[in-house]
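Keep the sequence and the coordinates open as you read.

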Amino acid sequence: MPPDYVYTLTTPEGVQQRIPIELVDDAIAIPDRFSPPAWAALTYHQCSHCPLDKETHRYCPIALNLAFLLPESALGDSFQTVTVEVDTPQRQYRQTTTLQRALSSLFGLICALSNCPHTRFLRPMARFHLPLSSASETLVRSASLFLLQQHMADRLDSQDPLAELNARYAALNELNRCFTRRLRGKRTSDAPINALVLLNVTAREMHWNLEEELASLAPLFGNDSDA
């Protein structure tokens with residue numbers, strides 16, 4: 001069986017890194033023989049709002065997946081130009097961008113597929129992954145899938161159905177901020193850290209501007225008051 005996702009990063013010089021992701025029950029498959037590094041331990045720069053207990057979780061779920069999937073050697077610095085190709089069973093995506101943006105897309109997918117309490121709500125987005133999405137695309141996908149999830153749970157009678165989504169992005173923002181400390185100094189390239197910074201910017205903007213940005217999309221759905 002082919003992997004569920006494959007990220008392939010290629011530099012202009014032809015240096016290539018292929019990162020396959022295989023899933024088992026919507027979780028990243030990690031072989032028993034894998035020995036995680038020390039920085040993947042739950043207690044290593046543990047997030048300030050992490051609800052997990054070291055007695056039941058030896059490793060941080062996100063750090064464990066990152067440690068397994070990312071090579072110790074990086075392709076270059078943050079602004080190194082790379083061509084990123086993402087293969088899924090349904091289609092293939094290709095774009096030339098910076099290494100930090102390519103890794104940010106990959107990190108977002110890994111977070112969504114990790115069993116972290118603060119990223120579980122992103123799991124539907126992983127199932128319908130859109131690599132290198134724009135801010136507007138992320139907004140529409142996140143809000144739409146969240147409201148669909150709320151509908152499935154018969155919870156749309158809430159006075160403010162988006163309040164919980166806003167709170168979740170606030171928690172995700174804190175996770176991204178804390179997680180940069182875990183990776184800092186562990187790799188020769190600054191690209192993995194800056195990739196998380198990009199995710200942090202996206203989460204922060206989603207948290208601060210959710211209602212405003214959704215209102216700006218109203219004309220697309222025929223809800224413009226001037227229409």
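**An enclosed strand**

Strand β1 (residues 5-10) has 5 of its 6 residues buried, so it is largely enclosed by the rest of the structure. Buried means under 20% relative accessible area, exposed means over 50%, and partly exposed lies in between, with a 1.4 Å probe and protein chains only. Strands are DSSP runs of E with at least two residues; helices are runs of H or I with at least four residues; both are numbered from the N terminus.

This is a predicted model: local features need pLDDT of at least 70, side-chain atom pairs count only at pLDDT 80 or more, and totals for chains, interfaces and linings use all residues. Residues are numbered from 1 along each chain as its sequence is written, and side-chain values use heavy atoms, with hydrogens and water left out.

Which strands pair with β1? One is strand β2 (residues 16-21), antiparallel over 6 bridges. Another is strand β5 (residues 81-87), also antiparallel, over 5 bridges. Two strands pair if DSSP finds at least two bridges between them. On the β2 side, Y7 stands opposite I19. On the β5 side, T8 stands opposite E85. In a regular strand the side chains alternate between the two faces of the sheet.

T8 sits in β1. T8 counts as buried because its relative accessibility is 10%. Leaving aside neighbours within four places in sequence, T8 is in contact with Q16, Q17, R18, T83, V84 and E85. Contact means heavy atoms within 4.5 Å.

**Turns and loops**

β1 and β2 form a hairpin with 5 residues between them. In that turn, G14 has a positive phi of about 95 degrees. T11 also belongs to the loop between β1 and β2. T11 is buried, at a relative accessible area of 6%. T11 and T96 are 85 residues apart along the chain, yet 9.5 Å separates their C-alpha atoms.

Most residues other than glycine have a negative phi, and most peptide bonds are trans. Two residues here deserve a look on that score. D26, not a glycine, has a positive phi of about 65 degrees. D26 lies in the loop between β3 (23-24) and β4 (27-28), and is partly exposed at 30% relative accessible area. H45, not a glycine either, has a positive phi of about 50 degrees. H45 lies in the loop between β4 and α1, and is partly exposed at 37%.

**The whole chain**

Now step back. The protein chain has 6 helices and 6 strands. From the N terminus on, the elements run β-β-β-β-α-β-β-α-α-α-α-α. Of the 227 residues, 42% are buried. Take the contacts between residues at least 6 apart in sequence: 62% of them join residues at least 24 apart. The accessible surface comes to about 12300 Å², and carbon and sulfur atoms account for 51% of that. These areas come from the Shrake-Rupley method with a 1.4 Å probe; for residues, only the protein chains shown count as cover.

**The core**

The largest nonpolar core holds 54 residues. Such a core is a set of buried Ala, Val, Leu, Ile, Met, Phe, Trp, Tyr and Cys residues joined through side-chain atoms within 4.5 Å. Which members touch the most others? They are I21, I62, L66, L103, L106, F107 and F179. Helix α2 (residues 99-113) gives the most to this core, with 10 residues. Beyond its neighbours within four places in sequence, F179 is in contact with C47, C60, I62, A63, L66 and L196.

**Empty space**

Rolling a probe the size of a water molecule over the atoms shows where empty space is left. The search runs on a 1 Å grid over the protein atoms alone: a cavity is a set of points where a 1.4 Å probe fits but cannot get out, a pocket is an open set with protein on both sides within 12 Å along at least five of seven lines, and lining residues have an atom within 4 Å of a point. Grid points are joined across faces, edges and corners, and a volume is the space filled by probe spheres set on the points.

The structure holds 3 cavities of 30 Å³ or more. α1 (61-69) and α5 (163-183) each supply at least two lining residues. The largest share, 3 residues, comes from α5.
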